[in-house]
Amino acid sequence: MACTGHSHDYEDEDQLGLSLQRYIDMPRVYCLNEHTTNAGQSILKPFEDRLTVHPSLQSPRDDDDIELLFHIPFSEAVTIRNICVHSRASIYAPQSSNGTIDRDRATSAPFSVKVFANRSDLDFDTARDLEGDVRIDLAPPEHLAEIQVNQSQPLDAGMGSSGGDGDGGVGGATLDYPLRPGSKFKYCNSITLFFGDNFASKLAEVEGGDADEVIPTEITYVGFKGEGTSVKRVAVKAVYETRGMKKDHTVPGGEFGAESKPGV
């Protein structure tokens with residue numbers, strides 16, 4: 001099965017040191033509309049934990065808003081080459097104890113993401129209206145299972161979008177999406193991600209489903225690959241004169257062929 005627009009990462013360790021997780025300024029990370037405080041921070045996991053499904057970031061279940069606005073600052077300027085967004089399933093529908101689907105715990109993977117570099121002034125209205133530096137249509141998490149089967153890759157136990165009360169993660173690999181054009185993502189001090197839809201909402205649009213049945217968005221991991229630049233943001237202290245003083249701006253004697261005279 002041919003794949004375009006992304007690559008598959010089966011490695012268990014970040015052997016090349018490409019993960020930018022260590023450069024993330026965690027105390028300044030925030031996510032608007034997260035279901036619980038600091039849920040956004042919790043999915044910026046170390047590379048080796050990227051396949052875990054707990055903790056996760058979700059939109060609130062008690063309202064109809066599935067959008068998430070995720071702001072991630074860095075401790076120094078970085079060059080970002082790839083982004084990874086990982087979720088359980090297009091629609092994760094766990095079963096209750098009696099074997100029926102528990103719709104009260106169903107979640108859905110994001111369908112697309114807008115990526116903004118060096119923007120800390122976004123809210124939901126502006127994020128919807130602006131195009132973003134790049135927009136990525138995300139592959140369904142089940143795509144990984146299809147590739148693993150076709151390539152005879154071992155599947156992780158407990159994989160699947162439904163059935164039982166297990167983690168339900170699509171395991172074994174993650175998808176890396178290149179950020180192009182690359183010039184937009186050099187010397188990035190921050191990245192803002194806008195998730196405006198999910199697979200459940202898109203399916204409801206196509207099939208004309210129940211508009212009142214809103215399934216929250218869920219993301220289990222967000223990661224970046226690239227390199228640091230060792231360029232740190234620092235505050236610049238400047239002193240400005242409200243009135244120039246002649247004694248502070250005299251010309252040394254003989255310079256420019258003239259001799260300065262006090263009071264002249």
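**Exercise 1. The largest cavity**

Find which element gives the largest share of the lining of the largest cavity, and describe that lining.

Solution. 
- Start with the share. In this predicted model, β9 supplies 3 residues to the lining of the largest cavity, the largest share.
- Next, the elements. β4 and β9 are those that give two or more residues to this lining.
- Then the residues. The lining has 14 of them, and V85, H86, S87, A139 and P141 are the closest to the cavity centre.
- The lining has 11 nonpolar residues, 3 polar ones and no charged ones.
- Finish with the volume. The largest cavity holds about 110 Å³ of space.

**Exercise 2. The second largest cavity**

State how many cavities of 30 Å³ or more are counted, then work out what lines the second largest cavity.

Solution. 
- Count. There are 2 cavities of 30 Å³ or more.
- Take the volume. The second largest cavity comes to about 60 Å³.
- List the lining. Around the second largest cavity stand F47, R50, N82, I83, C84, T174, D176, Y221, G223, F224 and K225.
- Assign elements. At least two lining residues come from each of β4, β9 and β12. β12 gives the largest share, 4 residues.

**Exercise 3. The largest nonpolar core**

Identify the residues with the most contacts inside the largest nonpolar core, and say which elements build this core.

Solution. 
- Begin with the number. The largest nonpolar core has 35 residues.
- F70, I80, I191, L193 and F224 have the most contacts inside the core.
- Two or more residues come from each of β4 (68-86), β7 (112-117), β8 (134-137), β9, β10 and β12 (221-231).
- β4 gives the largest, with 8 residues.
- Look for another core. A core of 6 residues lies apart from the largest one, and L69, L122, A127 and F194 are among its members.
- Zoom in on L193. Leaving out residues up to four places away in sequence, L193 touches L68, L69, F70, I72, I83, V113, K114, V115, V222 and F224.
- In soluble globular proteins, nonpolar side chains tend to be buried together.

**Exercise 4. I43**

Decide whether I43 is buried or exposed, and list what I43 touches.

Solution. 
- I43 sits in the loop between α1 and β3.
- Apply the cut-off. Buried means under 20% relative accessible area. I43 has 0%, so I43 is buried.
- List the contacts. Beyond four places in sequence, I43 touches P55, S56, L57, F70, I219, T220, Y221 and V222.
- Check one pair. I43 and L57 are 14 residues apart in sequence, yet their C-alpha atoms are 6.6 Å apart.

**Exercise 5. R88**

Locate R88, then find the polar partners of the R88 side chain.

Solution. 
- R88 is in the loop between β4 (68-86) and β5 (91-92).
- Judge the burial. The relative accessible area of R88 is 7%, so this arginine is buried.
- Take one partner. The side chains of R88 and E218 make a polar contact of 3.0 Å.
- Take the other. A polar contact of 3.5 Å joins the side chains of R88 and Y92.

**Exercise 6. Backbone exceptions**

Solution. 
- Recall the background. Most residues other than glycine have a negative phi, and most peptide bonds are trans.
- Check P55. P55 lies in the loop between α1 (39-42) and β3 (57-58).
- Check P181. P181 belongs to the loop between β9 (174-178) and β10 (188-195).
- Check N38. N38 lies in the loop between β2 (30-32) and α1. With a relative accessible area of 42%, N38 is partly exposed.
- Check Y187. Y187 is in the loop between β9 and β10.

Methods. Residues numbered from 1 in each chain as written. Predicted model: local features only at pLDDT ≥ 70, side-chain atom pairs only at ≥ 80, totals over all residues. Heavy atoms only, no water. Buried < 20%, exposed > 50% of the residue type's maximum accessible area, 1.4 Å probe, protein only. Polar contact = N/O pair within 3.5 Å; in protein donor to acceptor, adjacent residues only side chain to side chain. Core = buried A, V, L, I, M, F, W, Y, C linked by side-chain atoms within 4.5 Å. Contact = heavy atoms within 4.5 Å. 1 Å grid on protein atoms, 1.4 Å probe; cavity = no way out; pocket = protein on both sides within 12 Å on 5 of 7 lines; lining within 4 Å. Points joined across faces, edges and corners; volume = space filled by probe spheres on them. Nonpolar A, V, L, I, M, F, W, Y, C, P; charged D, E, K, R; others polar.
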